[in-house]
Amino acid sequence: MSAPARRAAMLVAIVAALAIGAAFLKRSDVYLLTLTMVYLMATFGLNLTVGYAGQMSLGQAAFFGIGAYVAAIALKAGVPFLAVMPIAAVACFVIGLALGFPALRVQHHYLAFATLGFNVLVYLILRNEEQVTGGTYGISAIPRPTILGVSFEGHLAYFHFTLASLVALGALLWWLLRSPWGRAFAALRDNPIRAESLGVNITAYTLLAFAIGAACAGVGGVYYASLVEFIEPGPFHFSTSLMMLLAVIIGGSGRFYGPVVGTIIIILLPELLRGSSHEALKFMQKWYLVFFGLAVVALMVWLPGGIVSLADRFRRRSTS
Amino acid sequence: MTATPSLLDVKDIRKAYGAIRAVDGVSFSVRPGEIVGVIGPNGSGKTTLFNSILGQIRPTSGSVEFSGEDITGMSPLELARRGIGRTFQTLQVFGGLSVRDNLIAAAQEFSGTMPGRLFAKPDAGLGQRADEMIELFRLKHVAHLPAGSLSYGQQKLIDIAMAFMAAPRLVLLDEPCAGVNPGLVDQLRELLVQLNRTQGGSFVVIEHNMGFIMRLCPHVICMVEGKVLAEGKPAAVQSNPAVLEAYLGN
Amino acid sequence: MGDLVQLLVSGTATGAIYALAALGFTLLWQAAGVINFAQGEFVMLPAFAMLAGLAFGLPVWLAFLIACVLAAIVLGAGFKQVVVDPLIRHGVIPLVIATLGLAIAVKSTVRAGFSAEAHPLPSPFPTGQLSIAGINVSYADIGTLALAGAIVIGLQAFLNRTVTGRAMQAVAQNTESARVLGIDVRRMVLYVFLINAVLAVVAALLIAPTYLAKFDMGDSIGLKAFFAAIIGGFNQTRGALLGGVLIGVLENLVGFYISPAYKEGVALVLFLGVILLRPEGLLGKAEERKV
């Protein structure tokens, strides 16, 4: 079997195992897996911006939040889920363009600062504009979707729905990265000056990469709102954006499956530890972020390519 | 002067940094299909001249025309779209992309529209052209490796091949031989001659390597201290006493 | 009128604290090319160090001095040695990420090992207000302004008047030429890290009495320092001062006249305005595009 075929087979096997295995898991574990996949939609998008196009974005949680609030308000107003998703994606895409344009006009690293500030502002708006967002009380009783008469109300049904959607989003991103656009993104990441001299409109491509990444976060937010059924500003603080960025980087930025590893580390593991009753694991839960932070520093020193790049190292060692 | 209209007209370019005049009134023109060499000792203003032509810096005065259009101060992107390619003094490849993708990336933006490219074939219809260039530059055995993992000489070849991928009407090469071993210098010269013959493009080449320039370029300009000191056939420039003094005097 | 003057004075005092953190931030960037995302945590840690000192019954001034020494060792030399030196070769981004990780580790250590609560630090200044012509200004604001002002003026004098200070500026402007001139670049960069650490302790001493010492207090201070530095001009130390004071004053005015809820958004709006209208910062110099 060729390498791509082998990889595709492995992917199918993993997805199938998840889809079937979930039926045998506890309800809370299925919830955690769904939560991880929802965040993964946002970090997949962020990997496009950070890893493939080389732009620092520190506001992914703001777009995640915009998606979630758009979904909460629209779903409660009776707009069907399949319409809410594109609305949230387009809203985040357009806001991403509007935010990125002034920042990129100046200097490319200003995007990081602008997105960070944007996140602070979005958080303030979510907290303070009570008539729209419910302020600190948030919005509750957000419905789960019913599509073509099929209800995804149950935790397992919603898990399968999210898994299928995540696979679809991943496929879309894969296709995008293999298109000439993906090549242009990589070119501007590796060498923007050369790219420009070869006719690559670096401002346009940077903006697009950023806005597409933002749109993915918006879609993730829609699934998040429907999953947790109650949202408040807390999860959309800029510290979540920083965690998402770290997830992409420690997983291995610019590697397609990097965010999977990173998102498991920032979302799934700490939640599993929290749910555990074992004494030693409880201790771990308390100190988890300390180890995590130190591990990030150590990783930057010894393995800047992220965890997924470990595989390369071993492969190189075994062939040489 | 011949009746053929020139492709590139550089008119009295000046660039001053405070009191230092890096380029001090340089004019020359390039006709279609011509190869012009620019030589001169270090600090004679060659690279500043290049950067003024290529929109990297704005000249203090003077103008640049490309097939009759004033292109002074245009951005590198606008110049690229008009068919002006370039290489840089230092290596400039896309390290994370394969050699083949480097070449495709170098040309894909010149055809179709941006939305159109999203839905184009992954190789943007340039796979065959890229393979021809790979063949010509003898890079077939490394075509699918990331460019950043290759030797300096191989990356230099990719770098130059990229500048020619889109068959630009004019290519400006900034010290193509820098850091390249003598064997490769000859290969490079043959490649440039061949590209000039098959694609019919015009080149301007900045180079320290006198032998390379003298054998490649039928027309040579020698710059010293920001000015054109001598211009003409390589042999004439080489034997010009002022040029000899500028090179050997200090 | 009285309100306005009061708001201006206390805003300037708060802004002066931001400016101290921003100043260290700018110095680090200039001299060592480091964007320190843990800058806020560098203020938070000394606040807790001083709290610990006070808990042992030390007087405030002694706790402050000990915190300065500890900060110079850990947040100055230690930070440089352990985090910056091994990473600086890889460029700006890995270092940014590492400081992000460091910030999370430091914050979480304080929360898990010490306390998640907010603790007041006793003010080094007397309580009460000074009243002149119906305008009330608190002694704390006056003391903050005086101390921050003295530190800033002292630092500027050091940078401009002493041989070491000038050598540090030379390193900040152009490391290569400084090296050619025979300046001990490594030592100068180390000094910058030490100064940054001490500035952070002063900022902690001034901010913790009003805004309380809490494990996540660095989020807000770090962000303000960050934006103050860009607003003023990343390559100018005076810019950090202007940016800090501007944010402090405008936050107070917005909080009073518009809505306290949007006080935290002031720095961002200022920042967006600056990058749209004057991208090099209010006092910054535009850098020519490098090929």
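Two strands count as paired if DSSP finds at least two bridges between them. By that rule, chain B of this predicted model holds an open sheet of six strands with mixed pairing, in the order E6-E7-E8-E3-E9-E10.

**The sheet of chain B**

Strand E6 (84-86) and strand E10 (227-232) of chain B are the edge strands, each pairing on one side only. On average, neighbouring strands of the sheet are turned by 20° against each other, direction ignored. Strand E9 (residues 219-224) of chain B runs antiparallel to E10(B), and five bridges join the two. One residue pair can be named here: Val224(B) has Lys227(B) in E10(B) as its bridge partner.

**Domains of chain B**

The domain assignment of chain B gives domain 1 (8-83 + 168-249) and domain 2 (94-152). The C-alpha centres of these two domains of chain B lie 27 Å apart.

**The nonpolar core**

The largest nonpolar core has 275 residues. Among the residues with the most contacts inside this core are Leu246(A), Val192(C) and Ala203(C). Helix H8 (residues 185-211) of chain C gives the most to the core, with 18 residues. From chain B, the core draws at least three residues from each of domain 1 (8-83 + 168-249) and domain 2 (94-152).

Leaving aside residues up to four places away in sequence, Leu246(A) touches Ile266(A) and Val296(A) in chain A, and Ile97(C), Leu100(C) and Gly101(C) in chain C.

**Contacts with chain A**

Chain A is in contact with chain B and with chain C. On one side, 25 residues of chain B meet 18 residues of chain A; on the other, 30 residues of chain C meet 29 residues of chain A.

In chain B, helix H2 (76-81), helix H3 (99-107) and helix H4 (114-118) each supply at least two residues of the side that touches chain A. In chain C, the elements that give two or more residues to the side touching chain A are helix H3 (60-87), helix H4 (92-113), helix H9 (217-232) and helix H11 (266-277). H4(C) provides the largest share of that side of chain C, 11 residues.

Definitions and conventions:
Residues are numbered from 1 along each chain as its sequence is written. Chains are lettered from A and ligands numbered from 1 in the order in which they are written. This is a predicted model: local features need pLDDT of at least 70, side-chain atom pairs count only at pLDDT 80 or more; totals for chains, interfaces and linings use all residues. A nonpolar core is a set of buried Ala, Val, Leu, Ile, Met, Phe, Trp, Tyr and Cys residues joined through C-beta atoms within 7 Å. A residue is buried if 20 or more other C-beta atoms lie within 10 Å of its own, exposed if 12 or fewer, and partly exposed in between; C-beta atoms are placed from the backbone. Helices (H or I, at least four residues) and strands (E, at least two) are DSSP runs, numbered from the N terminus. Domain bounds come from an automatic or database domain assignment. Two residues are in contact if their C-beta atoms, placed from the backbone, lie within 7 Å. Axes are lines fitted to C-alpha atoms, for helices over the stretch in contact, and angles run from 0 to 180 degrees between N-to-C directions.
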